[in-house]
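Please walk through this model with the sequence and the coordinates side by side.

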Amino acid sequence: MARVRLELILLGVLLERPRTGYELQRFMDSTGRFLRSNTSMTQVYRSLRRMEADGWLAHEVEPRLGARDAKRHHVTAEGAAAFHAWLREPYHPSDLPGGQDLSVHLRFRAAHLGRDAVIELLDAELAFRRRQIARDRDRDRTEWYEPGSSIDAALTGALMNWQHARGASRMDDHVAACAELRDVLAAGGVPHPDQPNPLRPVDAPDPTGPGLSEVP
């Protein structure tokens, strides 16, 4: 499965609040790395231009003293409709458990569709992973090589066994974590209730220092 398009991630982030291209790039270089890796500034600005041409975004120009004026982008009604249409599509897990696609869907379903939609997502993820385990865990992993070839069969085979065991352990941990999260949400709770909420209104003081939580 192809990873989630950058435009959809940017729409979701911009629906939280309008941002400049520079602020979006800062996001993709930090928190956004866990939603989509290796996103360049060129890709961000190209996506912004494409979305504005498609009518998904608009912008206001902010004059900057001694620097190039900035564009602060916001989502239009057409962009919001496109984003919500995508978010309501059936979720199709990728082959790797706990991948970035799941992180994207968890974040934005929680933000826009609510608890029941997140539980539905976790049900789909758990069903898919359990089918994977039933199909792949005890499969015949025999591969044949020609005697006398130059490969180190003993070492390679040992590492293949290590990779299989490591993959099985990661899969089991992922399934257990998703099942635990589903149970917490279904009971009306939230995970890690003792941790401070990382989402704050833009006019809230930054606990790490004076002023706004992010200054462009």
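Three strands form an open sheet in the order β1-β3-β2, with antiparallel pairing. Two strands pair if DSSP finds at least two bridges between them. Helices (H or I, at least four residues) and strands (E, at least two) are DSSP runs, numbered from the N terminus. The edge strands are β1 (19-20) and β2 (57-62), and each of them pairs on one side only.

This is a predicted model: local features need pLDDT of at least 70, side-chain atom pairs count only at pLDDT 80 or more, and totals for chains, interfaces and linings use all residues. Residues are numbered from 1 along each chain as its sequence is written, and side-chain values use heavy atoms, with hydrogens and water left out.

Now take the pairings one by one. Strand β3 (residues 70-75) pairs with β2 in the antiparallel sense over six bridges. Leu57 stands opposite Val75 in β3. The bridge partner of Glu60 in β3 is Arg72. On the β1 side, β1 and β3 pair in the antiparallel sense over two bridges. There, Thr20 has Arg72 in β3 as its bridge partner. In a regular strand the side chains alternate between the two faces of the sheet.

Next comes the helix that covers these strands. Helix α1 lies across β1, β2 and β3 and runs at about 95° to β3. Axes are lines fitted to C-alpha atoms, for helices over the stretch in contact, and angles run from 0 to 180 degrees between N-to-C directions.

Helix α1 (residues 6-16) also packs with helix α3 (residues 41-53), at an angle of about 80° and with the axes 10 Å apart. That makes α1 roughly perpendicular to α3. Angles of 65 to 115 degrees count as roughly perpendicular, those under 35 as roughly parallel, those over 145 as roughly antiparallel, and the rest as oblique.

Which residues of α1 meet α3? On the α1 side they are Leu6, Glu7, Leu10, Leu11 and Leu14. They meet Gln43, Val44, Ser47, Leu48, Arg50 and Met51 in α3. Contact means heavy atoms within 4.5 Å. By class, this contact of α1 with α3 has seven nonpolar, two polar and two charged residues. Ala, Val, Leu, Ile, Met, Phe, Trp, Tyr, Cys and Pro count as nonpolar, Asp, Glu, Lys and Arg as charged, and the others, Gly among them, as polar.

Turn to the charges. Side chains of opposite charge can pair when their charged atoms come close. The structure holds 13 salt bridges. A salt bridge is a side-chain nitrogen of Lys or Arg within 4 Å of a carboxyl oxygen of Asp or Glu.

One of them joins the side chains of Arg5 and Glu7, at 3.8 Å from N to O. Arg5 counts as partly exposed because its relative accessibility is 44%. Glu7 has 8% relative accessibility, so Glu7 counts as buried. Buried means under 20% relative accessible area, exposed over 50%, and partly exposed in between (1.4 Å probe, protein chains only).

Arg17, Glu23, Glu62, Arg64 and Arg72 are linked in a network of salt bridges. Within it, the side chains of Arg17 and Glu23 meet at 3.8 Å, N to O. Arg17 is buried, and so is Glu23. The side chains of Glu62 and Arg64 meet in a salt bridge as well, at 3.1 Å, N to O. Glu62 is partly exposed, with a relative accessible area of 23%. Arg64 counts as partly exposed too, at 28% relative accessibility.

Asn38 has a positive phi of about 55° although it is not a glycine. Asn38 lies in the loop between α2 (21-29) and α3. With a relative accessible area of 69%, Asn38 is exposed. His192 has a positive phi of about 50°, and it is not a glycine either. His192 lies in the segment after α7. At 60% relative accessibility, His192 counts as exposed.

Last, look at α7 itself. Helix α7 (residues 153-186) contains Met160. Buried or exposed, or in between? Met160 is partly exposed, with a relative accessible area of 28%. Not counting residues up to four places away in sequence, Met160 touches Arg141 and Glu143. The C-alpha atoms of Met160 and Gly66 are separated by 58 Å, and the two residues are 94 residues apart along the chain.
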